[in-house]
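Please keep the sequence and the model in view while reading.

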Amino acid sequence: MSDKRRPRIGLIAGGLGAYWPQFPDLLPTLRESSRYVSERIAGYDAEIVDVGFISDAQEGAVAAEKLRAAGCDLIVGFLTTYLTATMLMPVAQRSGAPVLLINLQPTESMDHATFDTGQWLAYCGACPLPEMANAFTRAGIDFRSVSGYLRDERAWAKIGAWIRASGVRKALRNGRHGLMGHLYPGMYDVATDLSMVNAQFGGHVEVLEFDDLRVRVEDVTKSEVDARIAEAAEVFELTDSVNDEDFAWGAQVSVGLDRLVADFDLDSLAYYHRGLNGEQHERLGAGMILGASLLTARGIPAAGEYELRTSLAMLIMDVLGAGGSFTEFQALDFTRGHVEMGHDGPAHLGISAKKPLLRGLGVFHGKRGWGVSVEFDVATGPVTLLGVGQTRDGRYTLVAAEGVVADGPHLKIGNTTSRVDFGRDPGEWTDEWSASGVGHHWALGTGHRLAEIRAVASLLGVDLITVG
């Protein structure tokens, strides 16, 4: 994971200092638990800022300043035993980072027949949790919590979801998102207020012209084109419909796209250009599919039709390790109970059932131009859909659903396709999904990711709408 996506996790553990002279064996036990937690968090491909163990409010204030200066993406407060709210309040108030409170007792349960008070207190992390929740709520501080025991994999799965979600928050807050060309005419749902992207997700939207791409494509050498053709021939299976000239043009545009992304330090890209009568900008727009798919496979999602919000959804899914491919409805199969979905144009090659195809098309439906397009079937198994919707008052929402990609027939028209079983009537599911405010497009990724997406929504401060 790149540094722009690797989350920085602050860890602070604590307990009430009044206990230490009363029960000499307690503090060493709690410190050992804290070391284990620190090691587990570091194992999530996260940078950890461990400020140690606090025993009173003064130590809490010092730790709070360290965590503030560290610029954490998530702060984990480990409630090892009882401690007062005033010990952790400064951490939550000063850091500006989301807070996760964890209560992980040493084992599944106490040995009630032999435990004394000191041993019991090592299991008392649940005791301060309502106090923290009450104090944080009254102070207007959002928090979330996970309770379990130290080697409780159920609890660690939840903690891991919060850590991965903090990586999404970091990627969005530090992201640079390219928006190139213009809106597909008439698609009101795609129109995006760039100020709202920054206000609600953070990051920067770089407004680009197709001429920014044109000058870079013009500088591509024949040897670079030949090298990209050779690379693509390894990645894709080429159908007989692929025209050598169109393939070379797609390769040339692909190299130019790589330069554009590097020059503007982009983490995602959304684009569209209509063009006219085969002029150069139309040819650029039509030549994007190969390069955009290769970029998406490298973790830089590229979406057509000027779909900035969907490229952001694709980025979220990619950071979560789910892939995330540009998707819309294609048809409903009431015979098999499936919703058929996919898209022409760029796709995430990492979710293909087998080696993806390059297919030559003499016409792109609904768009001007011609050239090579990517075609594959999404691998069977669990999948998650994620879209970014918008409410009447301008607030963004995350819209998600879990399903299973099933076997069945697919069109062979240069599109990515999947048939998804949501375990219910496909028409009823489609009506509910459409009523969510999701918009025309969304990202499709592998695995069931709802728990992680729920954590992402919490850390971003947006509502999550789920469609079952």
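## The interface between the domains

Between them, domain 1 and domain 2 bury about 1300 Å², with 72% of this area on carbon and sulfur atoms; buried area here is the accessible area, taken with a 1.4 Å probe, that two parts lose on being put together, summed over both. The size of an interface is often given in this way, as the accessible area lost when the parts come together.

The model is predicted, and local features need pLDDT of at least 70, side-chain atom pairs count only at pLDDT 80 or more, and totals for chains, interfaces and linings use all residues. Residues are numbered from 1 along each chain as its sequence is written, while side-chain values use heavy atoms, with hydrogens and water left out.

The protein chain is divided into domain 1 (8-173) and domain 2 (175-466), with bounds that come from an automatic or database domain assignment. The C-alpha centres of domain 1 and domain 2 lie 40 Å apart. To the contact, defined by heavy atoms within 4.5 Å, domain 1 gives 14 residues and domain 2 gives 17 residues.

Across this interface the rule finds one salt bridge, that is, a side-chain nitrogen of Lys or Arg within 4 Å of a carboxyl oxygen of Asp or Glu. Arg-164 forms a salt bridge with Glu-452, and their closest N and O atoms are 2.5 Å apart. Six residue pairs are in polar contact between domain 1 and domain 2, both residues being at pLDDT 80 or more; a polar contact is a pair of N or O atoms within 3.5 Å, where within protein one must be able to donate a hydrogen and the other to accept it, and residues adjacent in sequence count only if both atoms are side-chain atoms. On the side of domain 1 that touches domain 2, helix α7 (residues 153-173) supplies the largest share, eleven residues; helices (H or I, at least four residues) and strands (E, at least two) are DSSP runs, numbered from the N terminus.

## A parallel sheet

Four strands form an open sheet in the order β7-β6-β9-β10, with parallel pairing, where two strands pair if DSSP finds at least two bridges between them. The edge strands, each pairing on one side only, are β7 (204-208) and β10 (302-303). Strand β6 (residues 176-181) runs parallel to β7 and is joined to β7 by five bridges, and Met-180 stands opposite Leu-208 in β7.

Asp-263 has its place in helix α11 (residues 244-263). The side chain of Asp-263 makes a polar contact with that of Arg-216 (2.7 Å), although Asp-263 and Arg-216 are 47 residues apart in sequence and 10.0 Å apart in space, C-alpha to C-alpha.
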